[in-house]
Amino acid sequence: MTDREAEKRLAAARAVDEIEDGMFVGLGTGSTTAYAIKSLSDRIRQGLRITAVATSRATEMFARRLAVPLVPFEQFSSVDLTIDGADEIDCHFQAIKGGGGALLREKVVAAASSRMIVIVDACKVVRRLGGFPLAVEVVPFASEFVRTHLADLGASVTLRSVGGEPFITDQSNHILDAAFGKALRPIEIAGAIDAIPGVMEHGLFLSEIDTVVVGRGETVEVHLRKQAPGSLR
Ligand SMILES: O=C[C@H](O)[C@H](O)[C@H](O)COP(=O)(O)O
């Protein structure tokens, strides 16, 4: 296992320690969350009783394989605790997510959650967001229209594709990857993107994250938005 994978696993295991009997748990998407699901499944085998909701089809399949009890989110409006990964996170607990294309369901579940823990390896913690392209989920009909607007905001924009075909999300939408670099002023850009017709969601998570768990070398750091603003660097 590489150092980064070991850091992801450490952060994931620490976050799963926060899950208590009876909780309704949101399961994020991606390689870091996969470690959390594995660790959660171990705890379930040891007697932990929870139910969970998945933020993507990929997570749903993985969690089912590991016998994590899932319910469809359609029947619920709140979640006790969600554990999810991120592509970049800054000291203000603002993150870019969506590298795996799961941002829409992730944003809904994050907004429904009483607490959201983001788990990352140390290289995801950045001084300022923008090095990682911002995923913007759009209805296919509006792809070119939204692309033009994102370019006007200063981004270099690519339609995400797989094998020469557009990548299709779990909601049957397209993803535009908008590389803003230093032009990414998170609050301003989030507001501007929200106002473009045809945009379903973007990967800027600005207020949802309460706790960040960072795997750094052989140690694990827990940062709480409320208690230690500015501690994350
Ligand atoms: O759409 C994907 C999600 O937002 C992931 O949580 C994010 O891309 C981080 O994934 P990973 O843990 O694989 O780096």
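Two strands count as paired if DSSP finds at least two bridges between them. The model shown in these views is predicted.

**View 1. Strand β14 and its partners β6 and β15.**
Strand β6, residues 113-121, runs parallel to β14, and five bridges join the two. Within this pairing, I119 stands opposite V213 of β14. β14 also pairs with strand β15, residues 219-224, here in the antiparallel sense and over six bridges. T211 has L224 in β15 as its bridge partner. β14 and β15 form a hairpin, with two residues between the strands. In the turn, G217 has a positive phi of about 60°. Strand β14 covers residues 211-216, and five of these six residues are buried, so the strand is largely enclosed by the rest of the structure.

**View 2. The open sheet β4-β5-β13.**
Three strands make up this open sheet, in the order β4-β5-β13 and with antiparallel pairing. The edge strands are β4 (88-89) and β13 (204-205), each of which pairs on one side only. Strand β5, residues 95-96, is joined to β13 over two bridges in the antiparallel sense. A95 has F205 in β13 as its bridge partner. In general, strands of a sheet pair through backbone hydrogen bonds, either parallel or antiparallel.

**View 3. The shell around the ligand.**
The ligand has 18 residues around it, and G30, T32, G85, G99 and G100 come nearest. Helices α2 (31-45) and α4 (103-112) each supply at least two residues of this shell. The largest share, three residues, comes from α2. By class, the shell holds eleven polar, four charged and three nonpolar residues.

The UniProt record, an unreviewed entry, places the feature "active site" at E106. E106 lies in helix α4. A residue is buried if 20 or more other C-beta atoms lie within 10 Å of its own; E106 has 31 such neighbours inside 10 Å and therefore counts as buried. Leaving aside residues up to four places away in sequence, E106 touches G28, T29, T55, D84 and K97.

**View 4. A58 in helix α3.**
A58 is found in helix α3, which spans residues 57-65. A58 counts as partly exposed because 17 C-beta neighbours lie inside 10 Å. A58 and A102 are 44 residues apart along the chain, and their C-alpha atoms are separated by 9.2 Å.

**View 5. The contact between domain 1 and domain 2.**
The domain assignment gives domain 1 as 3-124 + 206-218 and domain 2 as 134-198. Taken over C-alpha atoms, the centres of domain 1 and domain 2 are separated by 24 Å. Twelve residues from domain 1 and twelve residues from domain 2 take part in the contact. On the side of domain 1 that touches domain 2, the largest share, three residues, comes from α4. By class, this side of domain 1 has five nonpolar, five polar and two charged residues.

Technical notes
Residues numbered from 1 in each chain as written. Predicted model: local features only at pLDDT ≥ 70, side-chain atom pairs only at ≥ 80, totals over all residues. Near = placed C-beta within 6 Å. Helix = DSSP H or I, 4+ residues; strand = E, 2+ residues; numbered from the N terminus. Nonpolar A, V, L, I, M, F, W, Y, C, P; charged D, E, K, R; others polar. Domains from an automatic or database assignment. Contact = placed C-beta atoms within 7 Å. UniProt positions renumbered as here; feature names shortened; annotations may be inferred. Buried ≥ 20, exposed ≤ 12 C-beta atoms within 10 Å, placed from the backbone.
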